[in-house]
Each structure stands twice: as structure tokens, then as C-alpha cells.
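Please look through the sequence and the model shown below before reading on. The paragraphs that follow lead through a few places in the fold, one after another.

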Amino acid sequence: MLAAGSASVLAVTAAAVTLTPSTSTTTPATTVAAVAPVADADAARLARQATFGATPAVIARIKTLGIDGWLDEQFATKSSSFTDLVALDQRKSYCDTDGKAITNCFRIYSDSVLPAMRFYSNALGNDDQLRQRVALALFNMMPVSANKTANTAALARYQQIFLDGAFGNFSDLLKAVMMSGAMANYLDMANSDKTAPNENLAREMLQLFSIGPDAINADGVGRKDATGAAQMNYTTKDVTEIARALTGWTYARWPGVNVTQSESWDLVPPMIPNPTAFDNGAKTFLGTTIPAGASQQANIDAVVRRLMIDPSMSPRITRILIEALVKSNPTPEYINRASHYFRTNGKGVTGDLQALVRAILTDPEARTPDTAAKGGKLKDPILLQLALARAIGMKSDGYAFTVRDVQMGQQYLRTPSVFGDYPADFPLPGVKNVISPSSKLMTANLVLERHNFVWQWTMSGDSARAEYATPTWIPNAGTTAEDWSSWEAFGSDVDGMIDRINLTMLANQMTTAQRAALKKAMSLVTDTTSDALQARRRAQTGIYIVASSPMFQIDR
């Protein structure tokens, strides 16, 4: 949602290039005998929720397979990867190659630029769109930042954890995050010693990564104590006891290096045990006791097992994913229906993210246009960039996106704190009882930056923009280029262009009056140079008008 007082009417005034292409492991969808018909608008709406931007190809695929069939195909598709970046040897950042200094060595080996570029390149063009959307939502819930963890390979490995775990079990994902060298560095779990346990990860795991500070019912509504105050989920004592359970882990070391040599820490692999620093005494937290003498891994398992059965876990994770994919203000009934599938997937398994994501996206509340005043969700800068680029038909190695996201207040892999770029419960300014998390980034300056971005990537998109150029300091880097050929193919057919804009960018929500105004604005654009150039200019005008409007920037 936009800030209070924003207008809600339309204002009128192929493949991605990567540094090292990944190998697709896409599993073809199984042909089904009968597919429930999917209306164009619903297919486009699902594409807005489950991809980084609706395209004619995605909409056609949803209509061909049906919603469940398309979800099945997406669950089986895994074509994005960070593994080649994970293999970067950070030790090279402290030396040279064949006696020749590495240009921009720090930015290659000790920064967020390369994994951020890969994220944008994958999101722009790879076909595992739903996996990437869910991975992004889960990463935003449990972020690390290059502001502290400045290690290219470790940041790439952390992204891979979410791609691999997006449709797995949340307990496995939580353990992978806890044991991650990147997270251990970011929240100081590595080398936490029994003599003085570090409580950072324990605290944030409770507050942000799992059950949350306040107890909630299955429908997401907060529980109250006898005085009417919010019922707290945990105490300071619980944090202290869990921190004790997380002691005795340290970074992996480079091959051949003794574990006592701290200068050779390797943040890429999972952490390794350091038994001498582990507190092997009994711990009691959240009504659970780990007996004395239990192994380090048993302590980790016990902590996660207790969190997974907490009554607040399923509704909280459910709400976070609904907010990321569908809408900022889901009804309690929606949360209750979907959270059931986190508690049990029908086979007695708790924490099945694939079952939860399917429930979220197939729920009637997701499949119905949300036209209420508090409806939908505001695209954050990352989603705005990608949705516009996919609408245009852009090809990119991702570098241009890393230039623009920081200007709009959301630099990927550089969140300002463990709380992320914006709080999940940020209220819509001036409106009671309505939240709009990404509105936190809608300051006067950042709103202007959003509008400038849309203008520059549409109306002035033909220019030799600095961010489109090849970043020569990156080996084998590509470029960014807008591909207007599919729009030029419309020729003088302005109505055809508007049909595509209306479907892919607005899920067919354009009114008759808005369509007439848009057609007039586009038809006024003429260029005698060539029919193709005139068609391009008209498409740029139409896309700019729509993309700068609340109707596009708020997904409903």
C-alpha cells in the first residue's frame, strides 16, 4: 500500500546474462488430462504474487497447466544457483595472481556486489520464479548483511541455503541458518563460550526467526493475559538458556589449518564443534529441559524442535509469507486456513514450506482481487525494479539493479540491521490498524527516487545509461539492455499494446476511462523515423504512465 492520501486511479499527465550461467535442473511438468480453466486476470494475479513480474509467457503457462499444475511445476523447478560464487577463494583477496595485482580485489572477494548481481540476474530471467520469491521472503526474515559480513563466497552460500530450502522443511532451514558461517559472523554465535555465552543469535532467533515476542493464536490474533496485556512468548531467562545451548561452535578453517588458528577462519561451510567451549550442563527454556551431557547437535535439535511446536510458530511464519507474496493485511481467517498446513501437511509433518506456500497461493483470499482501501501490498524497491524490467523485456547481468536499489533505500544484501529493510508490522502512516511494511521506504526523497527510476528505465531507456554499461572490473561480466522488439512488433496497434499492459501489469484492472486516457496519451506520440521506433516510443509512454501509478506499484 502507498502512504495515506495517495491517489488510487491511473494518472495520465530474453534470457538473463550471468557471470557463469547455471545448469538448469528443471523437471518437466506431468501432463494432466483435465485442467480447471484459469481466467486471464487470475493467471496474471498469480504471476504477480508468485514471480518477479507477470509476462505473457508465464500467464500462458499458468492457463495451460492450471494453478495447481503450474505450482507443481514451480515446486519441481530449480534453475538458479550461487554455487560458482560460493567457490570463490577469499584467500585471493590478500594476495595477487601470478605476481599481478587483482583489480578491485576487495569488491570481488569481500563484498556483496557479485551475489547481488546473481540474485537480480536469476530473478529477472530464470524459470524457478516461485522458488526465488519464497527464498527472498525467508531471507528477508533472517537476513545477514555485508555491512558486517563482507565475504562474497559466504554471502553467496547464505543465499544458496534459502534457494535449497524454500520448499523444504522449516526446521531444516532454521538449523542451516543457525549453523551458517555467515550468520555466525553476523550475530556472533561463532566462538560463543560457556564462560560467557553470546545471546545475540538466541535472542533474534526467538524474536525474528521463529515464534516472535508476542504469543498469537492460529489466526494470528494476539493472546492476552488476565490484565488484557499482550502475552509474552519468552523471557530473558529463556534467551540465556538457549544461548547456553548454542555454545561451543566455531568457524571452519582453511584446509590444513589447525582449528586454533583464528586468522584462517572460513565463513563458507557450516560451523564446526569446539567441545572445550560447550556448556554441557542441563538447560531449561520455554518449558523444555535439555539434560546434562547431551551432545552439541542434540542441543541444537532440541532448541529447534521446541520452537517448531510452539503455538505461535505456524501463524507467524504463515503471516510473514502471506505479506511477502499476497497482501499486507490478511484476515485472521486466511491466516488460520493457511497456517494449518504448516502445523501439518496432511501426512503428519510440521513445517512443510511447500504445503504452506500452496495453501497461501490457492486460498480464496489470494485468488480474489483485493480492492478494499487497505488491500494489497506495496512493491518494495527490489520487486518494483524486477517487475518493471520483466514488463519491458530487459536482459541483464544484474549490475544495473545493484546501482538503483541503493538509491531507492533497499540495497540487496546490505540491510541496515537484522530487522531488515523495514519492520514486518510497520503501520500505514495516517491509517489506524493497517500495516504496510514497505511503506517504511516511502519517504519524500525515496518516493521521488522511485519515480525517477521508472522514468529513466522507460522514457529515457534508450540512453547510454551508466548503470547499463559492462562493469569492466568484474571478470566475464555482461551488460544491461532493454529489449523493445516485442513491443515494436505491435506497430500501430495501440489497443494491442494496452491489452498487454493491462494484463501483465494490472491483471486486467484498468477501467474504461483509464484505458481511453492511456490510449490518447500513447497515440499522441509520433515518430516519423520508422514505424518500429514510433511503436517503441508509444510503448515506453504507456509503460511509464502505468508503472508510475499506484495501480501497478500496489499488487492487489
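Is Ala507 buried or exposed at 1% relative accessibility? Ala507 counts as buried at that value, where buried means under 20% relative accessible area, exposed means over 50% and partly exposed lies in between, with a 1.4 Å probe and protein chains only. The residue lies in the loop between α21 (494-506) and α22 (512-523), the helices being DSSP runs of H or I with at least four residues, numbered from the N terminus. Phi of Ala507 is near 50 degrees, which is a positive value in a residue other than glycine. As background, most residues other than glycine have a negative phi. Leu413 lies in the loop between α18 (399-407) and α19 (444-456), and at 1% relative accessibility it counts as buried.

This is a predicted model, in which local features need pLDDT of at least 70 and side-chain atom pairs count only at pLDDT 80 or more, while totals for chains, interfaces and linings use all residues. Residues are numbered from 1 along each chain as its sequence is written, and side-chain values use heavy atoms, with hydrogens and water left out. The pLDDT, the predictor's confidence in each residue on a scale from 0 to 100, has a mean of 90 over the protein chain, and 91% of the residues reach 70 or more. Over residues 1-26, however, the pLDDT is below 50, although this stretch has 74 contacts in the model beyond near neighbours in sequence, a contact meaning heavy atoms within 4.5 Å.

Helix packing comes next. Two packed helices are described by the angle between their axes and the distance between the axes. The axes here are lines fitted to C-alpha atoms, for helices over the stretch in contact, and the angles run from 0 to 180 degrees between N-to-C directions. Helix α5 (residues 113-125) and helix α6 (residues 129-141) have axes that come within 9 Å and cross at roughly 140 degrees. The two are therefore oblique to each other, given that angles under 35 degrees count as roughly parallel, over 145 as roughly antiparallel, 65 to 115 as roughly perpendicular and the rest as oblique. The crossing of α5 and α6 is left-handed, a term for a near helix turned anticlockwise from the far one by less than a right angle, with right-handed used if it is turned clockwise. Phe119, Asn122 and Ala123 of α5 make this contact with Gln129, Gln132 and Leu136 of α6. By class, the contact has three nonpolar, three polar and no charged residues, where Ala, Val, Leu, Ile, Met, Phe, Trp, Tyr, Cys and Pro count as nonpolar, Asp, Glu, Lys and Arg as charged, and the others, Gly among them, as polar.

Helix α6 also packs against helix α7 (residues 152-165), their axes coming within 8 Å and crossing at roughly 120 degrees. That angle makes α6 oblique to α7, and α6 passes α7 in a right-handed crossing. On the α6 side the contact is made by Arg131, Gln132, Ala135, Leu138 and Phe139, and on the α7 side by Tyr158, Gln159, Phe162, Leu163 and Asp164. Six of the residues in this contact are nonpolar, two are polar and two are charged.

Leu353 is found in helix α15 (residues 353-362) and, at 0% relative accessibility, counts as buried. Its C-alpha atom is separated by 8.5 Å from that of Gly165, 188 residues apart along the chain.

Phe170 and Leu173 lead on to α8, in which both are buried, together with Ser171, Leu174, Val177, Met178 and Met179. Seven of the ten residues of α8 are buried, so this helix is largely enclosed by the rest of the structure. The axes of α8 (residues 170-179) and helix α12 (residues 296-308) come within 10 Å and cross at roughly 135 degrees, and the two helices are therefore oblique to each other, in a right-handed crossing. Among the residues that meet there are Phe170 and Leu174 in α8 and Ile300 and Val304 in α12. By class, this contact has eight nonpolar, one polar and two charged residues.
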